[in-house]
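Please look through the sequence and the structure shown here before reading on. The report is meant for someone who is meeting them for the first time.

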Amino acid sequence: MRTGEECDWVSKTDVIQFHRCPYAFWLLDQGVVNIGDVMRSPATPFAESGTLGVADTPTMEAVGDQLPALFARHMTLLKPPLLENEELQLFGKPDGIETACGLLVPLEVKSHRRPKFTDRLELAFYWMVLEAYRMRKAEPYGVLILPNRFGGKERHEVEIAGSHFNTVKAII
């Protein structure tokens, strides 16, 4: 967690680690164990390659001062800079953002073939982070890029339900 003036800011990693095991989260938060000792680094080969291979919109990496203009366009931003929602004291970096002319849909790249509950929690978290930047309103959803059985990649639009937001808010 990142410490602010009034309370601790929360990242997506904090939410997912707490959801998976509150006791392990407490051990990490208290400094009893080191994250490097208990977790291996996640692999995001698709995001690291610089291309998703599934979008029909242009892709590019975002630079902080370009964000307002880029968010107003229709494109996929890969590796965005650190984003913050000061009102909710949330921060993080989704793997990508489908800008959709200001809608700002979070995109996550995964190495498993089927969406998981924690994927939906991550998308809900990033939907909340992006709320501070959003220029259009819509029903919440996110995008998962998942490998298929043929070695390719598939784009999946995933609904984010109220229960996912409720779980994230309860953890926060």
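## The model and its largest nonpolar core

The structure is a predicted model, and the values given below were computed from it. The largest nonpolar core has 36 residues, and among these Phe125 and Val168 touch the most other members. At least two residues of this core are supplied by each of helix 1 (12-20), helix 5 (67-71), strand 8 (105-109), helix 6 (117-130), strand 9 (141-147) and helix 7 (162-171). Helix 6 gives the largest share, with nine residues.

Valine 168 can be followed in more detail through its contacts. If residues up to four places away in sequence are not counted, valine 168 touches Val15, Leu121, Ala124, Phe125 and Met128.

## Two aromatic pairs

The count of aromatic pairs in the model comes to two. In one of them, the ring centres of phenylalanine 71 and tyrosine 133 are 5.8 Å apart and the planes stand at 80°, so this pair is edge-to-face. The two partners are 62 residues apart and the pair links distant parts of the chain, with phenylalanine 71 in helix 5 and tyrosine 133 in the loop between helix 6 and strand 9. Phenylalanine 71 counts as buried because its relative accessibility is 2%, whereas tyrosine 133, with a relative accessible area of 25%, is partly exposed.

Phenylalanine 125 and tyrosine 126 also form an aromatic pair, which is edge-to-face, with 5.6 Å from centre to centre and 75° between the planes.

## Salt bridges and a network of charged residues

The structure holds eight salt bridges. One of them is formed by lysine 12 and glutamate 122, whose closest N and O atoms are 3.9 Å apart. Because lysine 12 lies in helix 1 and glutamate 122 in helix 6, this pair ties together parts that are 110 residues apart in sequence. Lysine 12 counts as buried at 18% relative accessibility, since buried means under 20% relative accessible area. Glutamate 122, at 5% relative accessibility, counts as buried as well. When its neighbours within four places in sequence are left aside, glutamate 122 is in contact with Lys12, Ile16, Glu108 and Lys110.

Two further salt bridges involve lysine 110. In one, glutamate 108 is the partner of lysine 110, and the closest N and O atoms are 3.7 Å apart; both glutamate 108 and lysine 110 are buried. In the other, the side chains of lysine 110 and aspartate 119 meet at 3.9 Å, N to O. The relative accessibility of lysine 110 is 13%, so this residue counts as buried, and aspartate 119 counts as buried because its relative accessibility is 2%. Through salt bridges that share partners, Lys12, Glu108, Lys110, Asp119 and Glu122 are joined into one network.

Which residues does leucine 144 contact, once its neighbours within four places in sequence are left aside? They are Glu108, Lys110, Pro115, Asp119, Leu123, Glu154, Arg155, His156 and Val158, and three of the residues named here, Glu108, Lys110 and Asp119, also belong to the salt-bridge network.

Leucine 144 has its place in strand 9 and, with a relative accessibility of 0%, counts as buried.

Tyrosine 23 is found in helix 2, which covers residues 22-29. With a relative accessibility of 54%, tyrosine 23 counts as exposed, because the word exposed is used for values over 50%.

Definitions and conventions:
Residues are numbered from 1 along each chain as its sequence is written. This is a predicted model: local features need pLDDT of at least 70, side-chain atom pairs count only at pLDDT 80 or more; totals for chains, interfaces and linings use all residues. Side-chain values use heavy atoms; hydrogens and water are left out. A nonpolar core is a set of buried Ala, Val, Leu, Ile, Met, Phe, Trp, Tyr and Cys residues joined through side-chain atoms within 4.5 Å. Buried means under 20% relative accessible area, exposed over 50%, partly exposed in between (1.4 Å probe, protein chains only). Helices (H or I, at least four residues) and strands (E, at least two) are DSSP runs, numbered from the N terminus. Contact means heavy atoms within 4.5 Å. Rings of Phe, Tyr and Trp (its six-membered ring) pair if their centres lie within 6.5 Å; planes under 30 degrees apart count as stacked, over 60 as edge-to-face and the rest as tilted. A salt bridge is a side-chain nitrogen of Lys or Arg within 4 Å of a carboxyl oxygen of Asp or Glu.
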